[in-house]
Amino acid sequence: KRGCTYGCSYCSYPTIEGKRLRYRDSLRVVEEVERLSREFGAKYIFFTDAVFNDPDDQYLEIAERLAQAGNKTPWCAFFRPQNISVETLRLLKRSGMAAMELGTDATTDTTLAGLKKGFTFDEVMAVNEKIVAESIPCAHFVMFGGPGESEETVLQGLANIERLRQTVIFAYIG
């Protein structure tokens, strides 16, 4: 798909791709994954959508079709760490998802609000726990130095990172 409906304060995707989501047909996506594997020997696919788990749940249709097709090519994507159920994680795994990269982007409720992420760190923790329970490798991308950041939020954020189990953290200065 193209476009992003979220309004994260630092992100250029809504400006570059628009705020309205435009979806590719799920059957065509599956055909392309199969073709990349069959004709070009692709051993791994990375969906480069700004946020793979769109608010309309169209990504679930892709996952269902990949699973139905018996997809054997492992894949990964960027996910928003919000509203992801255990059932969804199981479907994603059946479809070939091998790992998740989470656009957590901040490590405290203060800094998440400053970035206009629209979710809390408790939601991040809940999603991370489900991912761990389903034995899915994952990474969180986080930045320090954004709106609302202070010495206190840095310290709280580092403590919050320690609470995230079995994950890789990619931290950077925003």
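**View 1. K117 and D105 form a salt bridge in this predicted model.** K117 sits in the loop between α5 (109-114) and α6 (121-133). D105 belongs to strand β3 (residues 97-105). The pair therefore ties together parts that are twelve residues apart in sequence. Both partners are shielded. K117 is buried at 5% relative accessibility. D105 is buried too, with a relative accessible area of 6%.

**View 2. D105 and K116 have positive phi values.** D105 is not a glycine, yet its phi is near 70°. K116 lies in the loop between α5 and α6. Are these two residues buried or exposed? D105 is buried, with 6% relative accessible area. K116 is exposed, at 56% relative accessibility.

**View 3. K1 pairs with D49.** The closest N and O atoms of this salt bridge are 2.9 Å apart. K1 lies in the segment before α1 (13-17). D49 is in the loop between β1 (45-47) and α3 (58-68). The two residues are 48 apart in sequence, so their bridge ties together separate parts of the chain. K1 counts as buried, with 13% relative accessibility. D49 counts as buried as well, at 12%.

**View 4. E129 and R165 meet in a salt bridge.** The N to O distance is 2.9 Å. E129 comes from helix α6. R165 comes from the loop between α7 (151-163) and β5 (168-173). The pair therefore ties together parts that are 36 residues apart in sequence. R165 is partly exposed, with a relative accessible area of 39%.

**View 5. R35, R38 and E39 are linked by salt bridges.** These three residues make up a network. How many salt bridges does the model contain? The count is eight.

**View 6. Helices α3 and α4 pack against each other.** Helix α4 spans residues 86-94. Two packed helices are described by the angle between their axes and the distance between the axes. For α3 and α4 the angle is about 45°, and the axes are 8 Å apart. The two helices are therefore oblique to each other. The crossing of α3 past α4 is left-handed. Which residues make the contact? From α3 they are Y59, L60, A63, E64 and A67. From α4 they are T88, L91, L92 and R94.

**View 7. H140 is buried in strand β4.** The strand covers residues 138-144. The relative accessible area of H140 is 0%. Which residues does H140 touch, leaving out those up to four places away in sequence? The list is L102, T104, V124, N128, L164, T167, V168, I169 and F170. P55 gives a distance reference. The C-alpha atoms of H140 and P55 are separated by 20 Å. Along the chain, the two residues are 85 apart.

View 8. A disulfide is a covalent bond between the sulfur atoms of two cysteines. C4 is buried, with a relative accessible area of 8%.

View 9. C138 is buried, with a relative accessible area of 7%.

Terms used: Residues are numbered from 1 along each chain as its sequence is written. This is a predicted model: local features need pLDDT of at least 70, side-chain atom pairs count only at pLDDT 80 or more; totals for chains, interfaces and linings use all residues. Side-chain values use heavy atoms; hydrogens and water are left out. Buried means under 20% relative accessible area, exposed over 50%, partly exposed in between (1.4 Å probe, protein chains only). A salt bridge is a side-chain nitrogen of Lys or Arg within 4 Å of a carboxyl oxygen of Asp or Glu. Helices (H or I, at least four residues) and strands (E, at least two) are DSSP runs, numbered from the N terminus. Axes are lines fitted to C-alpha atoms, for helices over the stretch in contact, and angles run from 0 to 180 degrees between N-to-C directions. Angles under 35 degrees count as roughly parallel, over 145 as roughly antiparallel, 65 to 115 as roughly perpendicular and the rest as oblique. A crossing is left-handed if the near helix is turned anticlockwise from the far one by less than a right angle, and right-handed if clockwise. Contact means heavy atoms within 4.5 Å.
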